Amino acid sequence: MGADMVDPALIARILGTLTGVIGVAVCLGYGLWRFLALALSAAWAAFRTSPPGSSDPRIVPYPGPEPAQPAYWAGQMWLDARFAGQAAALTVWYLLTRHWLGEVVRRRLLRGRNGQTGALADNGFGRLLLRLLAPGTALAAVLSALLASVLLAGVALFFAVQLALVLLAVLAAALAGRTAERLWKLVLGIRMKCPYPGCYRPFPLAVHLCPGCGAAHRELRPGAFGALRHVCRCGRGLPTTLMTGRRGLAARCPHCDRSLPPAVGTTRVVHLPLIGGTSAGKTMLLAAMLEGLRSWSHESRLTVEYASPDDLREANTLGRQLSSSGWTLKTQGGQPRALMLLVGYGLRRRLLYLYDPMGESLRDADTTRDQGYLAHSDGVLLVTDVLAAPVVRRALHPGDTERAEAARPADLGPVETYAGFTGELQGLGGRRGRLPVAAVVTKRDVLDRLDSLPRPTEPVEAWLTGIGLDELVRVLGHDFAAARYWVVSARAATGAGALDTEQRRAAEPVLWLLSRTGLRVGRLTGNRQDARAAGDRPQARVARDARPAHGNERSNTP
């Protein structure tokens, strides 16, 4: 009858209740926090770096051509977050299956052993009690794992939102850095173009060399490799913007891999080709212009310096040729390298590219088309040798003809020279109607000694018309936005006994073209309006005293 009094359902309810109570108590009192603590510790360990010099399998080397590691936020941050999530999930799974269910419940409690120490109970009652705790402990493990997973999922979601906000903030900073630099270049009119023959190509960003290892960085700007700096493979940090110091790094052209002057990318570039026939005096005029700019720098606030050691070497070579023979060597090669000068006045500077091509390269459409720098021209220096014009040669008396021959006249007259390249200039750049042209009549020292022609007087365009070159004046005034005329003796401006006034006169065409780009040197070019605005300042008086005989500016634009 005692056996009939045992109710299996009641016993099952009691054991179930006991199991539930034990499970909830162990879960809330210990298991849940144990799961969370170990899972979060494992996740945090995924973000710790390995000791210096040791390998870290979590870091994936960048396989691309750029010698820099992507920024942490662009790649490794997401890998670490994934590793942290995996570490937390694996920890929870390991604690549930291997430790709690496998070790504590199955191997210890169900065998009558202590769940923590594994020691066997001293008597049968103790072993029975431990076996009765096994279901509750298993339930506690399952509940702890489930609740910990839910809480960890919430933490992961919150952390993912934080990472996304970090990513957006850094992307915004990178975009702001790029935009600020782009606007700065746009406002200053800075456009980077290669000055070397065979290239002459524009580029948005130069290749910068790491000062530590010399590695070539082609993407040194705010982006995936860093917002404020890139870390080179040698470990050196490199600034990503001009404002933060990138201008101090050596730069190379991304197309031809030749060295660029430091001012490229920080200073507006002005491209000025010297156009003229063979023996028109382009190289002599270039030497005179260099001397004239130097002379103006002594008399005014104008500053002039060579953009690179190669430019200084080229100018010195040109000076030695003039000192030794009084003449410059004939320009050689199909495409010229730009002679680069940094010209400044006040707070403004220009990086001046002066191109001196050989006369034969502009004689027909095919060779002119190869002169890629013409597409970037900001103005034209038309070197005019009137002694080569057939209409002028016919007007010379026999004695004057001998003097003209001794001056080595150009192979083509100025009208023919201009007609040979003007069409291709329009085709290359499409901007001829917006460009200014400075027409410089050379060999004035010879022209002054010719009795057959009137001496050059102001305005020069009227003098050109008077000697039969009215067609040249007419087409220049029609084809260009503005035209201005000078007559210069390059021989009197160079070599021993050079005249300062003639040197400054030779530089005025360059200064006038620079003034058209916003460099305020108009007062140095004999511009009466600028001189009146300058009042009696010393540099204004110098400009008035040194004013040559030249014509007024002719413009097609209001």
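Helices of at least four residues and strands of at least two are DSSP runs here, numbered from the N terminus. With that settled, I opened the model, which is a predicted one.

**Entry 1**

I started with the backbone and stopped at Asp-257. Its phi is positive, about 60 degrees, although Asp-257 is not a glycine. I then looked up where Asp-257 sits, and found it in the loop between strand 5 (251-252) and strand 6 (259-260).

Next I checked a peptide bond. The one from Glu-458 to Pro-459 is cis, with omega near -5 degrees. Pro-459 belongs to the loop between helix 10 (444-447) and helix 11 (460-466).

**Entry 1: helix packing**

A reminder to myself: two packed helices are described by the angle between their axes and the distance between the axes.

Then I turned to helix 4 (residues 282-299) and helix 13 (residues 500-515). Here the angle is about 100 degrees, with the axes 7 Å apart. The range from 65 to 115 degrees counts as roughly perpendicular, and helix 4 and helix 13 are therefore roughly perpendicular to each other.

Which residues in helix 4 meet helix 13? On the helix 4 side I noted Ala-288, Met-289, Glu-291, Gly-292, Leu-293, Arg-294, Ser-295, Trp-296 and Glu-299. They meet Asp-500, Gln-503, Arg-504, Ala-506, Ala-507, Glu-508, Pro-509, Val-510 and Leu-511 in helix 13. By class, I have 9 nonpolar, 3 polar and 6 charged residues in the contact of helix 4 with helix 13.

**Entry 2: cavities**

I searched the whole structure for cavities of 30 Å³ or more and got 4. The largest cavity holds about 90 Å³ of space. It has 14 lining residues, and His-208, Leu-242, Arg-247, Val-264 and Gly-265 lie nearest its centre. The lining of the largest cavity splits into 8 nonpolar, 3 polar and 3 charged residues.

The second largest cavity holds about 60 Å³. Among the residues that line it are Gly-276, Gly-277, Thr-278, Arg-363, Asp-411 and Glu-416. By class, I noted 2 nonpolar, 6 polar and 3 charged residues in the lining of the second largest cavity.

**Entry 3: aromatic pairs**

How many aromatic pairs are there? The count comes to 8. I followed up Tyr-200 and Tyr-373, which form an edge-to-face pair, 5.1 Å centre to centre with 70 degrees between the planes. This pair links distant parts of the chain, 173 residues apart. Tyr-200 is in the loop between helix 3 (124-188) and strand 1 (207-209), while Tyr-373 is in the loop between helix 6 (365-369) and strand 11 (380-384).

Methods: Residues numbered from 1 in each chain as written. Predicted model: local features only at pLDDT ≥ 70, side-chain atom pairs only at ≥ 80, totals over all residues. Heavy atoms only, no water. Axes fitted to C-alpha atoms, helices over the stretch in contact; angles between N-to-C directions. Parallel < 35°, antiparallel > 145°, perpendicular 65-115°, else oblique. Contact = heavy atoms within 4.5 Å. Nonpolar A, V, L, I, M, F, W, Y, C, P; charged D, E, K, R; others polar. 1 Å grid on protein atoms, 1.4 Å probe; cavity = no way out; pocket = protein on both sides within 12 Å on 5 of 7 lines; lining within 4 Å. Points joined across faces, edges and corners; volume = space filled by probe spheres on them. Phe/Tyr/Trp six-rings, centres within 6.5 Å; stacked < 30°, edge-to-face > 60°.
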